[in-house]
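Subject: Structure for you to look at

Hello,

Here is the structure I said I would pass on. Please open it next to this message and follow along.

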Amino acid sequence: MGLQEKLRNNKVASKAIVVVDEIRENEQDPEKMKLKEYVSFALGRLSFGLIRTLSQGYRQEFYMAAGMQPERAGLLVFLQTMFDAVADPTVGSFIDRRKNTGKGRFKPYIAPLVPVLGILSIFMFFLPGFVGAGQIFAWFFISYAIWEVVNTASGVSFDAIEMVMSADKRERTLNTTIGSFGFQLSGMVPGFIPAFLAWFAISNEEGVYSAVSQQTFFTFTALLFAIMGIASGLFTVNLKERIAPAKKTESYFDNLRMFFKNKDLLLLWTTDIPQLISSAAGPANAQFYTHSVGRRYIQSIQWTVAGIPHFLAHGLAPFFLNRFRPSRIILFATWANGLSFILLFIIGRIVGYESWLGIANILIFASIGWIPSGIAAIARRLLQMNTFDYMAAKTGKRAEATSLAAFNAGSKMLWATAALLGGLALAYINFVPDIDGVMQVQTQATRDGLFTIFALFPAIGNLLGPLPLLFYKLEGPEFDRRMAELHAMQKEKETVEH
């Protein structure tokens with residue numbers, strides 16, 4: 001039996017082959033997406049996911065490794081992200097107002113800027129010797145500000161192009177699903193590298209980082225992320241835009257008004273507000289594995305244990321999205337995540353977190369909660385697309401770049417607040433950061449505090465976060481009818497005008 005015949009006899013593989021065959025059959029139609037576009041979009045999600053994971057996941061920890069106290073590092077991240085809130089909509093509006101050339105509105109800002117973004121990512125995790133102790137704060141702020149402008153231009157353009165690659169609901173779901181595999185790889189594979197390297201960097205019981213200094217370790221990690229990000233991001237040159245607005249926005253404020261008129265997109269943003277509690281646990285996560293569990297490498301194992309089923313679960317997204325409304329999928333997935341962390345905390349208080357039984361509890365429940373969240377992320381993107389389609393049907397305008405930039409800026413403001421709260425939480429439990437390559441001894445109360453932050457902050461944020469979706473309306477048969485009516489009215493108006 002040949003390899004191709006074996007694959008066709010396998011249920012999962014045979015379905016994938018059928019999907020690929022259908023895509024190839026439609027490739028002659030210019031309005032249909034090509035196979036290389038699906039693959040290139042997934043590689044783009046991998047690229048930008050790598051770079052964003054690097055920035056959000058390791059920046060605050062790097063600042064503490066460079067000698068900053070937790071509350072000062074949290075303040076720096078807060079101020080950096082406030083800068084984002086101003087810069088993002090401005091850059092997004094510039095992109096929306098750009099003339100639509102043969103390459104499209106967004107494509108020119110993606111692949112050409114990926115190498116620049118990768119190089120700037122390395123500098124963001126590099127502290128030159130000529131920068132004195134009193135200049136560190138300014139150096140980190142300026143290096144991030146330059147990185148963020150380029151990141152917004154390329155990253156928001158990439159997010160926006162997903163909205164206009166196809167008008168077909170099935171193609172959108174498939175593209176977002178395939179793209180999510182790339183995004184999950186960005187957190188799963190490279191996310192394993194830093195914890196793995198940190199494990200080998202500690203060579204004795206006193207916790208001295210003898211292999212590499214902490215600063216060098218983070219710079220090397222940034223280099224790995226950047227190389228992988230550039231290599232995968234260059235494939236975005238294959239993406240194509242198929243949807244264009246009937247009317248063009250005229251100014252920055254016109255674009256910004258489109259965002260505030262998009263009430264359903266604003267409703268989606270409100271789900272991020274309680275999530276700042278979850279995000280506040282970020283600065284404590286690595287410290288929990290290092291100082292409370294006493295085994296930093298367990299973090300890499302947890303990423304892998306949770307990441308593999310989470311990665312595979314994305315393939316089920318089309319199945320669930322064909323049967324349930326996206327908002328209900330998000331509600332279920334997020335609440336399941338919150339409940340799993342509550343169980344993690346309760347059992348952890350009973351059996352502890354240092355023993356192998358306690359570690360198994362962490363791995364099991366943290367992983368169970370994470371598995372369905374990938375499907376929820378796909379559903380969330382589809383709901384965003386519906387809001388732009390609805391606004392276009394009503395007004396003829398879309399303003400995706402400005403709206404997504406403003407949406408992201410609002411989310412970043414919440415994340416910045418979370419970073420500040422996370423730093424203050426570490427200071428509150430009297431956490432002492434590792435400085436000059438020496439692991440500091442923490443009190444038992446501090447170690448217990450790290451566990452509480454690690455477990456309860458995500459639980460509270462996930463249970464409260466999706467509640468606004470109970471009021472979301474742009475989905476289901478009712479939405480399809482409203483869209484059909486709006487399109488019919490638009491055609492009637494165009495006929496009268498002509």
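Start with Glu31, which lies in the loop between helix H2 (11–25) and helix H3 (35–65). This is a predicted model, so please keep that in mind throughout. Glu31 has a relative accessible area of 52%, and because exposed means over 50%, this residue counts as exposed. Apart from neighbours within four places in sequence, Glu31 is in contact with Glu171 and Arg242.

The chain as a whole

The protein chain has 20 helices and zero strands. Of its 498 residues, 54% are buried. Among contacts with a separation of 6 or more, 83% join residues 24 or more positions apart.

The largest nonpolar core contains 114 residues. Which residues have the most contacts inside it? They are Tyr63, Met68, Phe125, Phe140, Phe288, Leu344 and Ile362.

Setting aside neighbours within four places in sequence, Phe288 is in contact with Val293, Tyr353, Ile362, Leu450, Phe451 and Phe454. Phe288 is also one of the buried residues of H12. That helix covers residues 282–292 and is mostly covered, with nine of its eleven residues buried. The buried set also includes Pro283, Gln287, Tyr289 and His291. After H12 comes Gly294, which has a positive phi, near 85°.

Two helices against H18

Two packed helices are described by the angle between their axes and the distance between the axes. Helix H18 (residues 400–428) can be looked at in this way with two partners, starting with helix H6 (residues 136–164). The axes of H6 and H18 come within 9 Å and cross at roughly 120°. H6 is therefore oblique to H18. The crossing of H6 past H18 is right-handed. On the H6 side the contact is made by Glu148, Asn151, Thr152, Val156, Asp159, Ala160, Met163 and Val164, and on the H18 side by Glu400, Ala401, Leu404, Ala405, Asn408 and Lys412. Sorted by class, the residues of this contact are seven nonpolar, three polar and four charged.

The other partner is helix H4 (residues 70–96), whose axis comes within 8 Å of that of H18 and crosses it at roughly 180°. Angles over 145 degrees count as roughly antiparallel, so H4 and H18 are roughly antiparallel to each other. The contact of H4 with H18 has 20 nonpolar, seven polar and six charged residues.

Two buried residues

Phe365 sits in helix H16 (residues 356–370). Its relative accessibility is 18%, and because buried means under 20%, Phe365 counts as buried. Beyond its neighbours within four places in sequence, Phe365 is in contact with Ser340, Leu343, Leu344 and Ile347. The C-alpha atoms of Phe365 and Ile347 are separated by 9.8 Å, and the two residues are 18 apart along the chain.

Thr446 is in helix H19 (residues 444–464). Is Thr446 buried or exposed? Thr446 is buried, with a relative accessible area of 1%. Not counting residues up to four places away in sequence, Thr446 touches Ile429, Asn430 and Phe431.

Regards

Key: Residues numbered from 1 in each chain as written. Predicted model: local features only at pLDDT ≥ 70, side-chain atom pairs only at ≥ 80, totals over all residues. Heavy atoms only, no water. Axes fitted to C-alpha atoms, helices over the stretch in contact; angles between N-to-C directions. Helix = DSSP H or I, 4+ residues; strand = E, 2+ residues; numbered from the N terminus. Parallel < 35°, antiparallel > 145°, perpendicular 65-115°, else oblique. Left-handed = near helix turned anticlockwise from the far one by under 90°. Contact = heavy atoms within 4.5 Å. Nonpolar A, V, L, I, M, F, W, Y, C, P; charged D, E, K, R; others polar. Core = buried A, V, L, I, M, F, W, Y, C linked by side-chain atoms within 4.5 Å. Buried < 20%, exposed > 50% of the residue type's maximum accessible area, 1.4 Å probe, protein only.
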